[in-house]
Number of protein chains: 2
Amino acid sequence: MGTTSANLIQILEDKATRLRIDSIRATTAAGSGHPTSCASAAEIVSALFFSVMRYDPKQPHSADNDSFVLSKGHAAPILYSAWAEAGLFPREHLLTLRQLNSDLEGHPTPRLPYVDVATGSLGQGLPVGIGIALAARMDKRDQRVYVLMGDGESAEGSVWEAAEIASNYGVDNLCAIIDVNRLGQSGPTMVQHRMDIYRARLEAFGWHAIVVNGHDVPALLNAFDDAKNTTGKPTIILAETLKGKGMDGYEDKEGWHGKTLSQDEAERVVGILEKRLTGEGDRWTPTLPEKRGERQAPASIGAVPKSPYTPGEKEVATRKAFGDALQALAKADPRVVTLDGDVKNSTHTDEFLAAAPERFFEGYIAEQNMTGMSMGLAARGKIPFATTFACFLSRAFDFIRMAAISNLNLKFGGTHVGVSIGEDGPSQMALEDIAMFGAEPNFTILYPSDATSAWAATMLAAEHVGPTYVRLGRPNTAIIYGPEEKFQVGKAKVIRQGSRDRALVVAAGITLFEALKAYDELKKSGIDIRVIDLFSIRPIDRETLLASARAAGKRVITVEDHYAHGGLGDAVQSVLAAEGIPVYKIAITEIPHSGKPQELIEKFGISSKAVIAKVRKVVEQSALAA
Amino acid sequence: MGTTSANLIQILEDKATRLRIDSIRATTAAGSGHPTSCASAAEIVSALFFSVMRYDPKQPHSADNDSFVLSKGHAAPILYSAWAEAGLFPREHLLTLRQLNSDLEGHPTPRLPYVDVATGSLGQGLPVGIGIALAARMDKRDQRVYVLMGDGESAEGSVWEAAEIASNYGVDNLCAIIDVNRLGQSGPTMVQHRMDIYRARLEAFGWHAIVVNGHDVPALLNAFDDAKNTTGKPTIILAETLKGKGMDGYEDKEGWHGKTLSQDEAERVVGILEKRLTGEGDRWTPTLPEKRGERQAPASIGAVPKSPYTPGEKEVATRKAFGDALQALAKADPRVVTLDGDVKNSTHTDEFLAAAPERFFEGYIAEQNMTGMSMGLAARGKIPFATTFACFLSRAFDFIRMAAISNLNLKFGGTHVGVSIGEDGPSQMALEDIAMFGAEPNFTILYPSDATSAWAATMLAAEHVGPTYVRLGRPNTAIIYGPEEKFQVGKAKVIRQGSRDRALVVAAGITLFEALKAYDELKKSGIDIRVIDLFSIRPIDRETLLASARAAGKRVITVEDHYAHGGLGDAVQSVLAAEGIPVYKIAITEIPHSGKPQELIEKFGISSKAVIAKVRKVVEQSALAA
């Protein structure tokens, strides 16, 4: 570059001014956005993009680049401005900010090649950054990860989950920066500019913490150097800044969050900023990373053995088969990693730990961070299985939502679903997990009923590219399928059928066994029913459902160990209701209680008795109508 | 009591031994549960229940009692044992633990009169405790609140959200205790017994922190005294303990989480414990609280003015009407409190702040804690409105789930729903909130479409007893209803109808206006449709939907600004599908993008055009079929 250190500082100050100008212009053109939140971060972003980070501006997604996560996603315009300034696209394109036909959205999404994970829900960048840092460590890449946070978001608990886990894993290739601009959206933050409080907190959580003036370029460069030289622990740079810094008349001023300047005001403020430009900024050239080649990941998972379970032999829980399958996957594919929320001995993911300890991450009781780490790992080519009791995945719903927006290739395994867990009681029962994952339109949802299909579901989840949820039960259940049985995403199984079926019962998981009991009982009294093991809740097997419903006289009953709204029944109904085929849902309709599994299945009305009663009723009704 | 201090210590040690014995016996009888997690807390619980806390054992829910929250809910047996020991019910009843016909469930629920809020999902007790402590402060009751946490749960971010907020509000009537027994479910915790780390963290978060040996009764009593004498900040007692303490052969031993002793082992271990009993414990008498009378809360909300909006006048957003209504409620009912996640200037809850600052709690960007505080406030007779952008309520789903299990009288106001927010992009759009709240079977869900109905929905939410969600939009919209219009929970409005309607369109919120546009357009081409403003998603107006569907030829279309699974369409379908009435859902089916609200409504297929096309199609199809 031929730059002296004085030159470098001038370059970076010029770039910071340029970032401010571009952020103001873009938000004013859009008529919405957060120019003051960009302005406080201008020197930080300038130092990172134009001195600290090693990256190829023409290959923004290269695995060799240092990585940047904008956790304060509302400052998106400064991120876009930095990439324009680095030469990835023309500056004029910034004026398309927030338009339908532009991928420069209000908050960053991975539609852009330089964004790993969507941000805009605060407090998510740090967990994601840990995942990216761990992926680099696993791949032995000399990649550093920078996460820029706002100060307001430090109130989010997920930040402290990440703070503890990052230091626990000693991810020293991770450097976070808090842009401490003192002002939240609707008022000052709790800590404001009391920088010592931030320092004490982060140090207590095991970080190397550095307090700097966030508008002082040499101080920032020193801090980033210090971070690079710190081993064994992550570093946080606590940058004291002013919101609206450099925007004449708007510095450190309340009431200017998420507000744009009028055209006239923008030109006035930009005019003042432009006078500060020295031209030195144009002398910047990028620092390219060492080339290590793209990730050498296989295109598909390796050969895995057939499932080891045999119909008629001893009962096995689907969660156990999940653990067994993960262990097989550990050996078959180096991309597969598993994360746990301190229940590995219940979810059986300890089997993965035994097989591949270097790819197992204990996430402790911190489900948001576990999910965020998975998001970072998935963004960097790993196939993470985030696993815990399904009810506690609800803790991470906002992360799951952002993972869906990011369309990441991550997997969730949720165990201990429904009232069939028994004695632990309602706090441990997942009864809303299908509603949660099902709402996200791009999630694949598999719900195996026996060990063989649970093994298959786990393999299919690993193979399928895209966000996937596998729903798993606690009790041991009979083996229905032999190891030769083929399962597919999007395919249901008709497991009982005759030539004159009077009703169709659709079930999955524990209720499939209730449906089978109902089949046997009804058969004794001369009523044949057809039984479907739904297996794949999304995509749903429309063809099989429709054909079976028609073959069974258009009388359909669903039965599930889940609350009535947003569950399996609604998924089936959405296929059949538009065809005018009646669907009778049997599901949990009240808050359950502790008890023995089978007692609860009876008490809360999802047993074979409930199925039999409903079948009799709809068959009688249609006989009367005929 | 006539006790000397030496006597007192002997009493408490006896009680602790008794609690261990009872916890072991109960879990062994149940065949499941967590005896070792009870044993580590025995001296802490003994000190609290038999010396520190002032309460009437015969009136466990009295508002004068000091309050106890068992955040580590899996230690439920020791809580039940303490109340048995205090004389509320016979010891034998403990042996019904975890049975279907007993309310001594696996984890505590408010089915028990001495439980305010269900626990069992870790990390929730501290936020709840803040709410209870704030309620006591508002009521000027000299009530102290004790929250017993496990050490594993300190990994949950919600604990740190609560830690920051509790010190920010200076709730010095709150005392938390961490039972630092070193062992989680599946392995040691991250911090183990490094007590100085806990101390440094809590002190950095503004707490008075005291480290003690958690099995040393005099040390515990001193610590609780110290807590009582601490003003201006909350206190945390960091109690170093051993898991399984006092259980011969099980102390500090890995692999014994959530495992019960065999009958023989239980008797052996209990035999050893019984030898330690001195009989002093039987000399205990309770310390009754000062009587201040029960809460003087009104039975219903006070008189509120009619809504101030007039059809045909300027457009008003439903979120604005929500803020206006909350302001009116602030004046009408002293029980109403409002909580915000640093977006009060967007949700318009700043109007409540202006009217009743002493009942407004800024929750900052920490939605889990905001919800937990609301749970505590609701448990103590307040009517809390927890409010933020609806998408960020997903952050609190696990708390919402536990609030449902607790059947609390709390209210959520979620604003900025759907693609109609526009430019901010998908991260800020709530498109899964109906699925989330709707899954919980006891939540009432109101979805007003204009300012008048939003005002009414807010009033109805305050009046209705039970958990309630109000769904609110960002854009300004026309006023449909005049101030005389009556709204009811569970009642829809037929707002367009004729004598020969060809289809029924059901909508709410922004899509109601699209349905009305479709009505006008279709009318021009000679097709009459019926239009329903659903207003109440749960309870749903089955009668009106069925009658209208039949009157409109059993052709029903739903249209909503929400994802397709678990939304308004599924709620309508669940009423009509069992009657064989076809329902065609129009909803968001892919991840959206930034853009102008109306552009997005068009692009993502929920506009009047989509409604018109669907109506034409179903009308044509049925004409062909006829």
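This is a predicted model: local features need pLDDT of at least 70, side-chain atom pairs count only at pLDDT 80 or more; totals for chains, interfaces and linings use all residues.
Let me start with a single side chain: that of A:Ser40 makes a polar contact with the side chain of A:Asp179, at 2.6 Å.

Where in chain A does A:Ser40 sit? It lies in the loop that joins α2, residues 35–39, to α3, residues 42–52. Because its relative accessibility is 0%, A:Ser40 counts as buried. Besides the contact with A:Asp179, the side chain of A:Ser40 also reaches the backbone oxygen of A:Ser37, at 3.3 Å. If we leave aside residues up to four places away in sequence, A:Ser40 touches a number of others, among them A:Lys72, A:Asn181, A:His215 and the run from A:Thr241 through A:Leu242, A:Lys243 and A:Gly244 to A:Lys245.

Now to the two chains. The area buried between chain A and chain B is about 8300 Å², and carbon and sulfur atoms give 53% of that. Of the area that chain A buries against chain B, 10% is supplied by A:Met190, A:Arg395 and A:His565, which is more than any other three residues supply. In terms of residues, 107 of chain A are in contact with 107 of chain B.

How many salt bridges are there between chain A and chain B? The count is eight, and as an example, the side chains of B:Arg201 and A:Glu164 meet in a salt bridge at 2.9 Å, N to O. Sorted by class, the side of chain A that touches chain B has 41 nonpolar, 39 polar and 27 charged residues.

Technical notes
Residues are numbered from 1 along each chain as its sequence is written. Chains are lettered from A and ligands numbered from 1 in the order in which they are written. Side-chain values use heavy atoms; hydrogens and water are left out. Helices (H or I, at least four residues) and strands (E, at least two) are DSSP runs, numbered from the N terminus. Buried means under 20% relative accessible area, exposed over 50%, partly exposed in between (1.4 Å probe, protein chains only). A polar contact is a pair of N or O atoms within 3.5 Å; within protein, one must be able to donate a hydrogen and the other to accept it, and residues adjacent in sequence count only if both atoms are side-chain atoms. Contact means heavy atoms within 4.5 Å. Buried area is the accessible area (1.4 Å probe) that two parts lose on being put together, summed over both. A salt bridge is a side-chain nitrogen of Lys or Arg within 4 Å of a carboxyl oxygen of Asp or Glu. Ala, Val, Leu, Ile, Met, Phe, Trp, Tyr, Cys and Pro count as nonpolar, Asp, Glu, Lys and Arg as charged, and the others, Gly among them, as polar.
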